[in-house]
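Subject: Two-chain model for your files

Dear colleague,

Please find the structure below, handed over for your use. My notes on what was found in it follow directly after.

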Amino acid sequence: MDTALGIGIDALAYGMILFTISIGLSVMMGLMRVVNLAHGAFAMVGGYLASYAIRQIGLPYGVAVPLAILATVVIALPLEVLLFRRIYGGAEPLKQVLMTIGITFAVIGVMNAVFGPTIKPIPLPEALRGTVDLGFRTMAIHRLAVIGAGLAVALGLWLLIEKTAFGVRLRAAVDNPGMAAALGIRTERLYLATFALAVALAAFGGIAGAELMPIEPTYALKYMVTFLVVVSIGGAGSIGGALAAAIVVGLVDTAGRYLMPGLGTFFTYLAVILIVHLAPNGLLARTR
Amino acid sequence: MKSGAAALLLAAGFAGSAAADTIKVGVIAPFSGPFAQAGKNFKAGVEAYVATHGDTVAGHKVEFVYRDLDGPDPGKAKSVAQDLIIKEKVQYLGGVYLTPSAFAIAPMLEEANVPLVVFNAATSSITQKSPLIVRTSFTLWQTTVPLAKQAAKDGKKKIIIAVTDYGPGTDAEAAFRKTFEAAGGQIVESIKMPLATTDFGPYLQRAKDSGAEALFAFLPSGAPTVGFVKAYAESGLKEKGVALISTGDLTEEAGLPAIGDAALGMRTSFHYSVAHDSALNRAFVAAASKAIGNADELSFPAVAAYDGVYVITKMIEATGGKQDAKKAVQAVLGMVWESPRGPVKIDPETRHVTQTIYLREVVKDGGKLINKELSSVPDQPDWGLAK
């Protein structure tokens, strides 16, 4: 029983990290219909900047993290204006894939050249260090914090998209850009804001998840498939779907590796095949 | 007497100018991609040697030509080696971080008349792939066997093994199992973890449930080791008294700052610690730190490269600068010298380096985490080939 609970907690923490990073990708794929393979690269940039701000400049964690997220967005925005804007809408998937993977390789090269190839730790503040005793097992405090942060992100995003004027406009612009523009919605700005949000979420996820997925130059490629899996089985653009998918992936992966370590990630991919077979558009696809 | 010495000097000078005066050494290393850290260390090792010994050997200027080989890609390894041999006309090859690359290059050495001095690739069988391969690094059999013996000596009876599922992982597993079982211990379970694993929680939970008294682990240095050691520290295994023991790959100096205090108290076995206490090592660390730029990035591949260059200079001296791979390799068989890591020897049978393996513990020294040597086991051959 303790073992089952132990696996459950591990699965939840892993799932929440996956969710936090993947949700930005899901938003871009679902709302702007861009397969953004550079998403992991933005997560990585966030991690690098946070690590630099804390270790080299000496900023406290609470200041460094928001600054790193902001800086990542500032770095990414010109890319939106110059490049991403041209590939919205999903009409040219090949162009999207080639361009975004190209950006990924460029980011990997730049990070390696600027920061060097070693792993960059992001030192946690005193409050997030150490472990707590849950009765049946010990648990790192930062993992609990990650679970909380993931839930907060899910709730915040849902409120933003479903309950605010911004969300209403965004959904309108996505469903019918021509009509939305005719009604006076400035779709370009809206997309820019959404892009910024997706990048910010990636950077936040990269920083929060760095204990499990350490920040190093190949980060962007290494975890890309995992992020895409979460989005594809969750259904692009669906917050609930991404949440469910991240938890399913976390659970299947964790339990599979505990029960039959010899089979590696076999169960994860088996689950992906089954889910995609049963629900080709994902667990909770956005209905159009 | 005086005139004799002068004549000798003169003769040496003539010999030097008569043979072709720049000898090229090709260095194949990962300068980009996931192993770029190792490439930087290779280069730092080579540059440290040149900085301390100069770039002239027996009257010949030695020039190093670097080529990037970013991953375990045999096809690319072959073409990089060919490029160095044919276009750059190198007389010696050095470097090679990964086993598949060494395997790919081995078959072309005899025809090209070029020896290869391996600075890292640590699978036992590599030196058997060509009589022209000499290795100055280590093998997993070599570093694991003394650790397994120590574990048995410490009175451990039941151990669980967790290794990364690829060549060196398989070697580490086999070496530990064979040695520990021969000493009367029991391996309760052996887990092979996929290379791409990021969350090690489940494996550690399994270790907890297995009833083992200690966990022996091997993972390739880099991101995975950081995640693994942190997950171990958080798993509660330490409180339960289940020690984590491993080869030095897990507490490699370049990774220690990222692991942080979670590594404190970990015991490992390895052939080199940056903190090794000798005058020779202090001089090496100073030169190599200068070459690499950031002392925190200095790690074990640098010392293998440094010694590898020394071996190559001996080859150059023995052949008088002429390209004769067989004679060059012959000349270094059985060679004994003092390395920054301690006394080493090229085993004439296996052409692999025989060396002292140290049992170390991670401690804090002036705010910095180091691998402090507790005891040493001298003259360890490659147990994988010694059988």
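A residue is called buried when its relative accessible area is under 20%, exposed when it is over 50%, and partly exposed in between, with a 1.4 Å probe and protein chains only. By that rule Thr319(B), with a relative accessibility of 7%, counts as buried.

This is a predicted model, in which local features need pLDDT of at least 70, side-chain atom pairs count only at pLDDT 80 or more, and totals for chains, interfaces and linings use all residues. Residues are numbered from 1 along each chain as its sequence is written, chains are lettered from A and ligands numbered from 1 in the order in which they are written, and side-chain values use heavy atoms, with hydrogens and water left out.

Chain A

Chain A contains 12 helices and 2 strands (DSSP runs numbered from the N terminus, with helices being H or I of at least four residues and strands E of at least two). Read from the N terminus, the order of its elements is α-α-α-α-β-β-α-α-α-α-α-α-α-α. Its radius of gyration is 19 Å, close to the 19 Å that the globule rule gives for 288 residues, so chain A is as compact as a globular protein of that length. The radius is taken over C-alpha atoms, and the rule is 2.2 Å times the number of residues to the power 0.38. Along the principal axes, the C-alpha atoms of chain A fill a box of roughly 60 × 50 × 35 Å.

Of the 288 residues in chain A, 53% count as buried. The accessible surface of the chain is about 12000 Å², and 71% of that belongs to carbon and sulfur atoms (Shrake-Rupley method with a 1.4 Å probe; for residues, only the protein chains shown count as cover). Chain A carries 18 positive and 12 negative side chains, with the centres of the two sets 9 Å apart. Here Lys and Arg count as positive and Asp and Glu as negative, while His and the chain ends are not counted; each charge is placed at NZ of Lys, CZ of Arg, CG of Asp or CD of Glu.

For chain A, an unreviewed UniProt entry lists several spans as "transmembrane region", including residues 12–31 and 225–252. UniProt positions are given in the numbering used here, feature names are shortened, and annotations may be inferred rather than shown by experiment. In the model, residues 12–31 of chain A are 100% helix and 0% strand, with end C-alpha atoms 27 Å apart. Residues 225–252 of chain A are 86% helix and 0% strand, and their end C-alpha atoms lie 16 Å apart.

Phe195(A) belongs to helix H8 (residues 187–208) and is buried, at 0% relative accessibility. Leaving out residues up to four places away in sequence, Phe195(A) touches Met28(A), Met32(A), Phe42(A), Ala76(A), Leu77(A), Glu80(A), Phe84(A) and Tyr88(A) (contact means heavy atoms within 4.5 Å). Between Phe195(A) and Ala76(A) there are 119 residues in sequence but 8.8 Å in space, C-alpha to C-alpha. Ala242(A), in helix H11 (residues 239–259), is also buried, with a relative accessible area of 1%. The partners of Ala242(A), again not counting residues up to four places away, are Phe19(A), Ile23(A), Ser26(A), Val230(A) and Gly234(A).

Chain B

Chain B has 15 helices and 15 strands. Its radius of gyration, 21 Å, is close to the 21 Å that the globule rule gives for 387 residues, so chain B is as compact as a globular protein of that length. Buried residues account for 59% of the 387 residues in chain B. The mean positions of its 40 positive and 40 negative charges are 2 Å apart.

In an unreviewed UniProt entry, residues 22–366 of chain B are annotated "domain: Leucine-binding protein". That span of chain B is 42% helix and 23% strand.

Apart from neighbours within four places in sequence, Thr319(B) is in contact with Tyr92(B), Asp324(B), Lys327(B) and Ala328(B).

Most residues other than glycine have a negative phi. Ala58(B), in the loop between strands S2 (56–57) and S3 (60–68), has a positive phi of about 50° and counts as partly exposed at 45% relative accessibility.

Yours sincerely
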